[in-house]
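These notebook entries record what I looked up in one structure. I began with a pair of helices and then turned to salt bridges and backbone geometry.

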Amino acid sequence: MSLNQKVALRRRGTASNTSSSSPTSKVTMASNGRSEEDPLLASNGNGAGDQTNGEEKTYFSPRTTFVDHFSLEAPSDEIQFRSHAVRVFSSGTQQFQVIEEEEKDDIEGSKSSGKTKLKARVSSDGSSGLSTLRAAYTLVAVLMMGFLLIFALQVLLFLFVSLVTEGGLTSQQNLNFAHLLGTVLSIPLFVYGLASALTMSTEFVADTWQGHSFFRSVLRISPTIIDWYSFLAFMGLPLGVMLYYMWTGDSTSSESVWWEMTALTWFWCITISYAIFCFVVFAVEIMGALELLSHHPDYALLEVGFRNVGKFLKRAILLRQLHSYSGVRNRTFYVEGSNTLPGNNDSYDALADTEFARETTSWYSKLMVKYAEADNGTGRQLFIEYDSPKRQYNIEDVLDRTVFVTDATWNLEKFYCRRSKARTVLVVNGPSRVYPRQMWSSLACATLGNVLVVLFVMALLRWGGASIPVVIVLTAIFVYVNRDAATRVYALYDTYQDTIKKNADNNAKNSEAIFEVTETYRLTKPTEKMCWILFVAEVFFLFVFPFWMLCDVGNQAIAFLFLILASFSAFRYYFNAPVVLAELGSLDLLDGDFIRTRSAAEQDEGAAAAATMEQDWREKNRLSKIVGHISQGARRDAWVSVIATFVMIFMFLFLSAFAGGSNSGAAQDTSNILKDFRYVPQNGTFQYPTCSMTSDFAIPSESGSGASSSALADYAYMAAIAYTAPESMPEVLDAWFGEDVAVDNVDLVSEFRSSREADSAVHFKLLTFPTLNSDFAVVTIRGTNNGWDMISDAQLWSAAWLAQAVRSVLPLGEIWNPILENLVETIGVLQSASLRKVAFYVSTSEFVEWLRDEKKLFPMLRVTGHSLGGGLAMITGAQTQTPAIGLSGPNTIITRKTLSPPVTLENLNKYTFNIIPDRDPVPMIDDPAKNVQHIACLAPSNNFIDCHTSIRSLCDIQYTCGSGPRPTMCDCALYYGYPEPESIGGRTFAEACPAPE
């Protein structure tokens, strides 16, 4: 028995499958006839006519039957006039109108021919005001989606920070293998759940722009209520808040409190609307899956109730496991045809005249086939091979999507960027045929496009500095992975050419087409026993054990989030409508009876039956939208790819931190430091205003502690040497400041670490000047030097960087500045107390406070650092109210409220200073405070990362400001493109600095 026969047997009443798939006409058919009076709009429920002054007015009776497919955005409406009828199909602000009217035989148009004609036209009910209003709605929805992405990435990041701490890479915790394993096993469910949430957010944004049409289709309440709620949530309430704060606020204040409160209200109203949207989609998806399971033709009918919960669970779990662990084969067919269109349940696997039947089988499927063959007959089979492959329907089959390519619909870009499994009908003969020049253009465009993509990959690799052999190898891998996409258009072109040759003499009036169809067939399946084994393993290793370990770690926020995501994801994963539909191949079993008793449905007659059929259409319509846009499809795949990419990045950082651990620094060579050369300040040009810093910042010298032209360079040098190993520090300090002028005070740092048991992974040094000024000292903090340092960078500043990225892609993104720090602060609650303890700035701030408050030392204490060290220096300076100078450090304006304790904007502006090289990406992170100094960078345009090099920045400062009493370095002229310094001794630069071989 075919699927359609099974469907027919299970449908109630006598309605056919076609009629049950669409709503019946909303208009009572009127009798034929035409009055010479002006046409009036007919009432939908008044029958064939109405009475006016004793005369019965008759209306045009349509002779064409329209059947709405569930893929329409909304059911069509029929409007009857006295001379014609109009069928209106709506999509957003566009209306497609089909007008049916009688044809006339005579010129005056008074004599009817007895025939009707259809006229199609497109109209729009949109306006610039409507577009502006929806653009405002959508702008905030995109902001919400952006912060949802930030939230998702922060969750994954904090998981990997936990991996580092649980792996024993900080001294505060020893290796805990169970915690480490539990955290790793929680990642797949987080990826699945967060990608699903982002997919729903994408649909929510699109639906906001389209006027909430999707929201209307999935809810069972009046559109009037939905529109009023949308108005209040998306505009009314935020506008009311704005008016209140503008009326009651202080107009003399420099802060725009009214806009901050309005923006926050607007954001959270739309976020709540998104949460409602997700819940409704979740409910409809689960209800649809349950109804399909209850009607599944391979099982007995089930009534919904608590007594059948076990049976529903069994069906859902077995189908899910069958779908996930079966071995499958994909085949793509190019078939010539002229009689019928391919139906959603038609198969071309048995046809002998198919061309270019491309077949792909994964390594897993091949392995399962071999295993099933080897295990056959042993009685211990866990996987079974089908006697003949069984069809497994894909989303294109289920949603009955077919794309027609004619001479009018053909387009180079659309043809090149088609969906991989799209069911395409290419018309090759007849009045709408695609011409040979169009197919040749498609082939040429595909060839040129593929060549350009390959050349772009090669150019990108080469621009990034890859060697020729590496470029060739990586390009070859890229071409091999994408080989099927490259040959797809050629296969269709070749089939087109063969079809044209075969049918050269055919009548041009007869349409012929090539059907391109991709089908999936199941080769093996797991036994029921194996399905339950896999289910138990999934539940324990992917849910129970990770949740247990996350709770045991003490990260309650992450554990609670995991519980929520796991609960919703488990329902969506096992009660999965696409999985059930992959078995059925059709939505026909979805009949709208799920919310009613079956006995009540069977008693429907007349108007009730028509209403039920319309309800059937609405059930199919909303479930098809959810399945096509959210459960499966390009959007979900794209978000899974994005989340998986970041997981790979975080995994690389974790492995780097785990393998490299934390080191104390590298040995430093001082042979490149030149004491008999100097840079003279550039005459006739503006120097950097901060070349000569105030006496509070100048490094002590024998001539006194006044302002020095080398102070900016001194701090850059001290920031750079934070990477130096302790044994090399005396030589490095003497080479720059003079013999015994500066001291690396290792004893005080060691005493602090011992007294506080705060031997964290952050590295810092205390530089003192005991012979010149015992009150002056500098804490220099090392920047990023290993994987753990990079994870610390991400822990502190990734949310701010991502918030900046969201702001940059939004039109007028700067208007959201007042609330960015509040939103980032909200995301920061995901950090557990244990994660905050290992944040690097905690140790550096405690060290500065320890020196100042407990030891009563160094009243003229300063803090500096490069890169991560510069960012930590500014955080430490703002928290402890100590002057701090960062070199290429990430900023802290957006991040400041996530710190513990938070820092104020006033302290950042008062105590922090950042040196920012041009094109350096690191100090572009977060928004800077007021005190900054931009400097030049001479690195090549394709090597902007080199602008982050501390020695390059030091060279630019010395070249622009002059070296003063400090030495210069060979590296400035040899490697960084600066002119050779001026000799003040007896040797040349070539003698002092031999050119590298």
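**Entry 1. A helix pair.** I looked up the crossing of helix 6 and helix 7 and found it right-handed; a crossing has this hand if the near helix is turned clockwise from the far one by less than a right angle, and is left-handed if anticlockwise. The model is predicted: local features need pLDDT of at least 70, side-chain atom pairs count only at pLDDT 80 or more, and totals for chains, interfaces and linings use all residues. Residues are numbered from 1 along each chain as its sequence is written, and side-chain values use heavy atoms, with hydrogens and water left out.

Which residues meet here? On helix 6 I listed, among them, Y229, F234, P238 and Y245, and on helix 7, among them, W258, M261, W266 and I276; contact means heavy atoms within 4.5 Å. The residues of the contact of helix 6 with helix 7 comprise 18 nonpolar, 3 polar and no charged. Here Ala, Val, Leu, Ile, Met, Phe, Trp, Tyr, Cys and Pro count as nonpolar, Asp, Glu, Lys and Arg as charged, and the others, Gly among them, as polar.

**Entry 2. Salt bridges.** How many salt bridges does a search of the whole structure find? I recorded 24, each a side-chain nitrogen of Lys or Arg within 4 Å of a carboxyl oxygen of Asp or Glu.

E751 and K855 form one of them, at 3.0 Å from N to O. E751 lies in helix 23 and K855 in the loop between helix 27 and strand 18, so the pair ties together parts 104 residues apart in sequence. E751 is partly exposed at 36% relative accessibility, and K855 is partly exposed at 30%. Buried means under 20% relative accessible area, exposed over 50%, and partly exposed in between (1.4 Å probe, protein chains only).

D927 and R807 also meet in a salt bridge, at 3.0 Å from N to O. This pair links D927 in the loop between strand 20 and strand 21 with R807 in helix 24, 120 residues apart. Both D927 and R807 are buried.

For E821 and R896 I noted 2.6 Å from N to O. E821 is in helix 25 and R896 in the loop between strand 19 and helix 29, 75 residues apart. E821 is buried at 14%, as is R896 at 11%.

**Entry 3. Backbone geometry.** Most residues other than glycine have a negative phi, and most peptide bonds are trans. I looked for exceptions.

The peptide bond from S900 to P901 is cis, with omega near 0 degrees. P901 lies in the loop between strand 19 and helix 29.

S888, found in the loop between strand 19 and helix 29, has a positive phi near 55 degrees. Is S888 buried or exposed? I found S888 buried, with a relative accessible area of 0%.

R919 has a positive phi near 65 degrees and is found in the loop between strand 20 and strand 21. R919 is partly exposed, at 33%.

Technical notes:
Helices (H or I, at least four residues) and strands (E, at least two) are DSSP runs, numbered from the N terminus.
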